[in-house]
Amino acid sequence: MSITKFVMPEVIFGKGSIEQAGEACLRLGAKKALIVSDSGVANAGWLDKVIESCQDAGLAFATFIEMTTNPKDREIEAGCLTFKEQECDAIIGLGGGSALDVAKGVALLVTNGGIISDYEGVDKVHSPLPPMVMIMTTAGSGSEVSQFSVIVDSFREKKMTIISKSLVPDIAIVDPATLTTLGPDLTAATGMDVLTHAIESYVSIAATPLTDVQAKNALSIVSRHLRPSVASRHNEEAKKAMAMASLQAGLAFSNAILGAAHAISHAIGGKYLLPHGEINAILLPHVMDFNRIASPRRFSEIADIMGIDTRALSEQQAGMAAIHFVRELSRDIGAPKSLSDVGITKEMIDPIGMTALEDACMITNPRDMSLEQINQLLLTAL
């Protein structure tokens, strides 16, 4: 009998839950928290909400918001310096995947030392991290519940995937209200990231019955609610649904890991600093088509979960219908259709493929993939 593990934080879900940030951190024994966020979240008013919750709880705090999309190693180092100078003993991450990955990176380095590239790969963290509360403001990277942190190595121009159970936050706060301040383009891109998490974790060679439940629910929700969530920032039902989908897809991939779409997306994002969700939206149908022969039943089940009537279809036909569904969804929400749409050219393919082949997410892809096959997929996606 095989042994299954499933890791996750305490989860606080619901409209207004962001107001519990200070009290949640206090419960973990914190005396002074470093709030790690970014200027966009601050401008939307959510940083003020968290500061107010800390003040109400009597928790001292400092802030660090100097970061960019696709967070870099130097931002981790700057955050560590702030943490130490301000004599903090806990971390509150607030934002999308970039802010939360920086928050985790800071937490990692302040207790483990060295540089962030020392921890690239799986299970290289040896010392406990300070208490962490993560608050997601997009739907989303799933970083608020995952054992992942993805950071750009500025020198190698590569996204480093760091995987460790130590990176699972103590408490995750998911407030659907935060999604109402996102524009349609970011809602679309992050929503396609959720879809990619759900599909890749469902077909991962590390999938288990525990991860399948989360992935299937997330996939069903995204299939029904991403379009209305992109259409209106005021659709509370759609925002609540997408917040739940992001959470469940995050739990799925944190435990089942991912696949080739993320491996290649990391390679592209690390070198060319393009939006992660947009790259996933482009790559996902191509990777699904490549992987389909490795797990035809799983791809047929994906079609069923999406709401496609597969009664008259073979497993292979149902898998193709699922791919068509993803392409239509991507088109409807205005996601880019090809890599050339985001500036990738034929000349860029070789270095992307070589980097993707080394990514930790490639290990759990259901079909073995050679450099030549990665490059051919990239050519098809141009």
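Okay, let's start with strand β8: Lys-158, Met-160 and Ile-162 point one way, Lys-159, Thr-161 and Ile-163 point the other way, and all are buried. Buried here means under 20% relative accessible area with a 1.4 Å probe, protein chains only. Strands are DSSP runs of E, at least two residues, and helices are runs of H or I, at least four, numbered from the N terminus.

Before I go on: this is a predicted model, where local features need pLDDT of at least 70, side-chain atom pairs count only at pLDDT 80 or more, and totals for chains, interfaces and linings use all residues. Residues are numbered from 1 along each chain as its sequence is written, and side-chain values use heavy atoms, with hydrogens and water left out.

So what about β8 as a whole? With 6 of its 6 residues buried, β8 (residues 158-163) is largely enclosed by the rest of the structure.

Now its neighbours. Two strands pair if DSSP finds at least two bridges between them. β7 and β8 run antiparallel, joined by 6 bridges, and Phe-148 stands opposite Ile-163 in β8. Their hairpin has 4 residues between the strands, and Glu-157 there takes a positive phi near 50°. On the parallel side of things, β5 (residues 121-122) pairs with β8 over 2 bridges, with Gly-121 partnered by Ile-162.

Which residues lie nearest the centre of the second largest pocket? They're Gln-147, Ile-163, Lys-165, Asn-255 and Ile-257, from a lining of 13 residues. A pocket is an open set of points on a 1 Å grid over the protein atoms alone, where a 1.4 Å probe fits, with protein on both sides within 12 Å along at least five of seven lines; lining residues have an atom within 4 Å of a point.

Terms used: Buried means under 20% relative accessible area, exposed over 50%, partly exposed in between (1.4 Å probe, protein chains only).
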